[in-house]
Amino acid sequence: MACTVPLPLVLPGTALAGVGLDVAIVAWATASQQRVPQAEQGRMSAFNGVGERFAIPMGYLIAALAHSWSSRAVLLACAGMIAAATVLYLCVPDVYRINRLTEQA
């Protein structure tokens with residue numbers, strides 16, 4: 001959107017991002033239920049919730065600081081932060097080594 005891509009091209013990209021987010025949420029829920037001991041799931045869920053909600057005030061802070069920026073600069077900065085977070089996340093080898101557990105017959 002910061003690069004003035006036409007709306008008909010933005011919409012499929014947005015839909016694809018939404019599907020990707022849904023898949024990530026399901027994968028996270030499945031992995032956490034299979035890999036975290038049942039006695040620790042409440043604590044892990046609480047830490048996860050804190051981490052998710054921490055981004056909300058950070059977003060408000062960034063929006064306040066970026067008030068004097070142009071819309072394009074804000075969109076580019078946000079895209080950069082998302083790309084950086086994704087790359088950092090993928091640098092953790094355990095992230096992509098998680099496999100689904102199968103039941104032993």
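The largest pocket of this predicted model is lined by 29 residues, of which Leu-21, Ala-24, Ile-25, Trp-28 and Tyr-89 lie nearest its centre. A pocket here is an open set of points on a 1 Å grid over the protein atoms alone, where a 1.4 Å probe fits and protein lies on both sides within 12 Å along at least five of seven lines, and a lining residue has an atom within 4 Å of a point. Rolling a probe the size of a water molecule over the atoms shows where empty space is left. The volume of the largest pocket is about 1,300 Å³, counted as the space filled by probe spheres set on the points.

Helices H1, H2 and H3 each supply at least two residues of this lining, and H1 gives the most, with 12 residues.

| Helix | Residues |
|---|---|
| H1 | 7-35 |
| H2 | 41-65 |
| H3 | 71-90 |

Residues are numbered from 1 along each chain as its sequence is written. Because the model is predicted, local features need pLDDT of at least 70 and side-chain atom pairs count only at pLDDT 80 or more, while totals for chains, interfaces and linings use all residues, and side-chain values use heavy atoms, with hydrogens and water left out.

The protein chain contains four helices and zero strands, in the order α-α-α-α along the sequence, where helices are DSSP runs of H or I with at least four residues and strands are runs of E with at least two. The radius of gyration of the protein chain is 18 Å, well over the 13 Å that the globule rule gives for 105 residues, so the chain is more spread out than a compact globule; the radius is taken over C-alpha atoms, and the rule is 2.2 Å times the number of residues to the power 0.38. Along its principal axes, the C-alpha trace spans about 60 × 30 × 20 Å.

Of the 105 residues in the protein chain, 7% are buried, a word that means under 20% relative accessible area, whereas exposed means over 50% and partly exposed lies in between (1.4 Å probe, protein chains only).

Ala-2 counts as buried, at 9% relative accessibility, and its C-alpha atom is separated by 9.8 Å from that of Cys-78, 76 residues apart along the chain. Thr-4, in contrast, is exposed, with a relative accessible area of 67%, and its phi is near 50 degrees, a positive value in a residue other than glycine.
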